[in-house]
Amino acid sequence: MNTTLRAQAIDDVINNEIAQHHISGANVMVTKGGHILYRGNYGLADIENNIPMKDNTIFRMFSMSKMVTSVCAMILFERGKIDLFDPVSKYLPGFKNQKVWTGKGQELESANRELILKDLLNMTSGLTYPEENNYATACSTKLFNDMDAAHANGEHIGTVEFANQIGKLPLEFQPGERWRYGTSADVMGAVIEVASGKRFSQFIKDEITRPLHMHDTAFYIPNEKISRLAQKYRFVEDSESSTNKSSDNDTSNNLPKSGHLIIEKGPHLAMEDDITKEPAFESGGAGLLSTIDDFRRFGQMLLNEGLSEDGTRILGKETVRFMRTNQLSQKQIETTEWESLKGYGYGNFNRVLLDPAAYQTNAPIGEYGWDGWLGTYITLDPSNNFMFQYYIQLADAGSMGPTRLLRQIAYGML
């Protein structure tokens, strides 16, 4: 298949998704060695206002924010400001004397040991996102609901204050016992704020977005850029009379063929609705907005092992190599459970490919990256100096289905 046919294959997958009203539009980019092999803008960023997707469309990144938080932690790590064996309570006193859910009713026991920063970075902390499947997750749900209510009443709770409240929640399991996707990156954002002596957003600006010329990446959008923001949607089957929201979690994206898009409304994961104002809580796990070009610069810095395109060093090469290394034991890997993590380990807020055959992918061992609740997705491949990005704004999009198809087509360009 030549390059033209591969580009047509990408067009066909995305245009089919738009035609079936699964998505409103998309941005896609494939690069190798810092050179763009393919990019395309498809459909609409905003259906209601007939605004097309453009190169500079701004997306809510949600969990892809975690990759930026990871780099922030690595910067402090290699400057000797933090040690990954440090107890979280060294920075956040709310994490002292933590309790752990026993698995029975509302019964709690003392933690066997303190949470350490390593537990946060590798999602082995026992901290959860809001759900309703056990007592620990129900406690998390209540805290997030209280946060949303505070925002509705005009109260503004800061990053460190919110993290200390998270520390008072029961853990779902003993620290390090297994893997669990949850609020660990939000807590790490607060640790970064305390350890650096700067507001989290200011640290990101000083150390990452300014030197990398990521001018459209922040926790809010100024009014003059709001017209560039992609609307967020949810796919609804034509037979559905209501929708169900879920947390920033894994879904297969096996969307039905008959349905339509509605605007996804309301807060998600304690974010404030008005994104034209700087928030008090800056979510290290879900708060950033960005563009595909900004994240290309960020991703290329990582592929360059810490060096920006203009020669500015953000991280040392060995630090980047550590960042993209699987940190989970085999026992912990067995608890990841998600279909989208088959064949993967995890470390420093990144998936890390260990077994291509298990995931049935033409990506090689060592490929890494992450994705977001609304469907932003990035692959970084150090062995080929290769990057694949696919950005949509669809609630509970997951990273299977069309994302898999597009990635395997992109790898065919090598």
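Hi everyone, let's start at Arg-228, which touches Asn-56, Thr-57, Ile-58, Asp-216 and Thr-291, leaving out residues up to four places away in sequence; contact here means heavy atoms within 4.5 Å. Before going on, please keep in mind that this is a predicted model, where local features need pLDDT of at least 70 and side-chain atom pairs count only at pLDDT 80 or more, while totals for chains, interfaces and linings use all residues. Residues are numbered from 1 along each chain as its sequence is written, and side-chain values use heavy atoms, with hydrogens and water left out.

Back to Arg-228. Is this residue buried or exposed? Arg-228 is buried, with a relative accessible area of 19%. For reference, buried means under 20% relative accessible area, exposed over 50%, and partly exposed in between, with a 1.4 Å probe and protein chains only. Arg-228 sits in the loop between helix 7 and strand 7 (233-237); helices (H or I, at least four residues) and strands (E, at least two) are DSSP runs, numbered from the N terminus. Arg-228 and Lys-54 are 174 residues apart in sequence, yet their C-alpha atoms are 8.4 Å apart in space.

Now to helix 2, residues 65-78. Its 14 residues reach 20 Å from first C-alpha to last, close to the 20 Å expected at 1.5 Å a residue, where the expected span is 1.5 Å times one less than the number of residues. Because 12 of those 14 residues are buried, helix 2 is largely enclosed by the rest of the structure. Among the buried ones are Met-67, Val-68 and Val-71. Just after the helix, Gly-80 takes a positive phi of about 75°.

In soluble globular proteins, nonpolar side chains tend to be buried together. Here the largest nonpolar core has 120 residues, and those with the most contacts inside it are Val-71, Phe-298 and Leu-302. Helix 2 supplies the largest share of this core, eight residues. By a nonpolar core I mean a set of buried Ala, Val, Leu, Ile, Met, Phe, Trp, Tyr and Cys residues joined through side-chain atoms within 4.5 Å. What does Phe-298 contact, leaving aside its neighbours within four places in sequence? Phe-298 is in contact with Met-67, Val-68 and Val-71, and also with Ile-208, Leu-212 and Met-214. There is a second, separate core of five residues, including Ile-58, Ile-221, Leu-229 and Ile-275.

On to helix 5, residues 159-167. Its buried residues are Thr-159, Phe-162, Ala-163, Asn-164, Ile-166 and Gly-167, and what covers them includes helix 4 (135-152) and helix 6 (184-196).

Further along, Thr-403 lies in helix 12, residues 402-411. Thr-403 counts as buried, at 4% relative accessibility. Leaving aside neighbours within four places in sequence, Thr-403 is in contact with Tyr-377, Phe-388, Tyr-390 and Gly-398.

Finally, two backbone spots to look at on the screen. Gln-360 has a positive phi of about 50° although it is not a glycine. Gln-360 is in the loop between helix 11 (356-359) and strand 12 (368-371), and counts as exposed at 58% relative accessibility. Asn-385, another residue other than glycine, has a positive phi near 50°. Asn-385 is in the loop between strand 13 (377-381) and strand 14 (386-391), and counts as partly exposed at 23% relative accessibility.
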